[in-house]
Amino acid sequence: MKRSEFVMKRSLRHFVVIAGLFILAPATARADAERIALHYETGPECPSESDFLAAVRTYTERWAHVPEGTTESRTIRVRISEASHETIGTLAVANKSGILAEREIVGPSCTEVSRALAVMVAVTIDPRAGGGGGAGSPGKAGASGPPEEASAPEGNPEARPPYESALPLPRATSPSAVRTSPPASTSPGVSLDVRVETTSAVIRGGLVGVGASITVESPESGQPRWLAVLKPSLGLGIRQSLPKERALQGGSVDLLWTAGHIRLCPLRISVTPIMKVVPCTEANIGTFRASAEGFVDVRRLSSFWFDVGASVWAAVDLSDRIFLSSTVLVTIPSVRQPLVLATGATVASVPPLGLLGGLGIGARM
């Protein structure tokens, strides 16, 4: 009887211990879980927010996702955008005082950059997650993680190391897949392009010619914020038509149009990573000439030319430096004086509204 009572008491003690472990384990996990307001922004071709959160949790479970603005929480913002021939990922962390730490990485695709950012977010939340110990596993921080002595003691989240030390480039991603992006240039961008153009603004029926222009764009950094958003540019160039012969009774006339142009563009719209569209205001200033032959009174006629209108320029990148260019200009000539011979014959008349279009190739300096 005594032996049976002893067995029952020992079994009861084991039950109490096991029950206590089941009760205390969730409470400990909840105590260790940090409240994180995570904001994920990307395009439809990249992994979704739910996929990204799941990827972070494969490295650490020591966090709870809360709505942005929740008190007593850190805010982590992840943004993935596509530029020309590369994908850019940005990770920004704000603590309760609003202090920001930010890192940027560049990779060949959205999937690889998203995977690398998931590792970085996990290490930011839990520095031990970089040791490859698995989901929720403490693990030791690796060479790319913060040093052991910099880690905060458990239960003291305020004693975290600076965010900069919690944002290493992940060891799990190969160097060829992710690299630190070079600093943005503070010098203006300069490009040159040449085009074959046709215009109906000078004479009825149109003129074919060539055009060339040099464009200066605002730098990517080192400028006021409103300039970074608007991305203004200035273009200067020249247009020259090919001679066009027009037969008249008693002779013929060769028509020629030469003009310099100026282009002011406040915006630059990235349609795709390799295609950009630029709306502009444009003006042409020059001369419109005619040379008459076969008439008794042979003479050279010339008229001042000025027009102003709105244009749309587009560029499609073939490489980092070479691009295809195109332009469409709707313009209103301000000087519409017709060219008239001494005989009274009208050589050419200017339409009230003209359209110019062109295709060409360019290079960035």
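The model is predicted. The chain has 365 residues, and 36% of them count as buried. It contains 4 helices and 18 strands. Among contacts with a separation of 6 or more, 63% join residues 24 or more positions apart. The chain exposes about 20000 Å². Carbon and sulfur atoms supply 63% of that area.

Confidence was examined next. The pLDDT averages 75 over the protein chain. A score of at least 70 is reached by 67% of the residues. Over residues 14–31 the pLDDT is below 50. That stretch has 1 contact in the model beyond near neighbours in sequence. Residues 132–184 also have a pLDDT below 50. Beyond near neighbours in sequence, this second stretch has 90 contacts in the model.

Helix α2 spans residues 49–57. Three of its residues, Phe 52, Leu 53 and Val 56, are buried. Seen down the axis of α2, the buried residues fall within an arc of 100 degrees, so they line one face of the helix.

In general, a disulfide is a covalent bond between the sulfur atoms of two cysteines. The count for this model is 2 disulfides. In one of them, Cys 46 is bonded to Cys 110, with the sulfur atoms 1.8 Å apart. Cys 46 sits in the loop between β1 and α2, whereas Cys 110 sits in helix α3. The pair links distant parts of the chain, 64 residues apart. Cys 46 is buried, at a relative accessible area of 9%. Cys 110 is buried as well, at 6%.

The other disulfide joins Cys 265 and Cys 280. Here the sulfur atoms lie 2.0 Å apart. The torsion about the S-S bond of Cys 265 and Cys 280 is about 95 degrees, so this disulfide is right-handed. Cys 265 belongs to strand β11 (residues 251–265), and Cys 280 belongs to strand β13. The two cysteines are 15 residues apart. Both Cys 265 and Cys 280 are buried. With bonded cysteines counted along the chain, the disulfides follow the pattern 1-2, 3-4.

Charged pairs were considered next. Side chains of opposite charge can pair when their charged atoms come close. The model holds 12 salt bridges. One of them joins Arg 239 and Glu 197, with the closest N and O atoms 2.8 Å apart. Arg 239 lies in strand β9 (residues 233–241) and Glu 197 in strand β7 (residues 189–199), so the pair ties together parts that are 42 residues apart in sequence. Arg 239 and Glu 197 are both buried. These two residues also belong to a network of salt bridges, in which they are linked with Asp 193, Arg 195 and Glu 282.

Lys 276 and Asp 317 form another salt bridge, at 4.0 Å from N to O. Lys 276 is in strand β13 (residues 275–293), and Asp 317 is in strand β14 (residues 300–317). The pair links distant parts of the chain, 41 residues apart. Lys 276 and Asp 317 are both buried. A further salt bridge joins Asp 126 to Arg 128. The closest N and O atoms of Asp 126 and Arg 128 are 3.4 Å apart. Asp 126 has a relative accessibility of 3% and counts as buried.

Ser 270 lies in strand β12 (residues 269–272). Leaving aside residues up to four places away in sequence, Ser 270 touches Met 275 and Lys 276. The C-alpha atoms of Ser 270 and Ala 314 are separated by 9.8 Å, while the two residues are 44 residues apart along the chain.

Note on methods: Residues numbered from 1 in each chain as written. Predicted model: local features only at pLDDT ≥ 70, side-chain atom pairs only at ≥ 80, totals over all residues. Heavy atoms only, no water. Buried < 20%, exposed > 50% of the residue type's maximum accessible area, 1.4 Å probe, protein only. Arc of directions from axis to C-beta. pLDDT = per-residue confidence, 0-100. Contact = heavy atoms within 4.5 Å. Salt bridge = Lys/Arg side-chain N within 4 Å of Asp/Glu carboxyl O. Disulfide = S-S within 2.5 Å. Areas by Shrake-Rupley, 256 points an atom, 1.4 Å probe, with all protein chains shown as cover.
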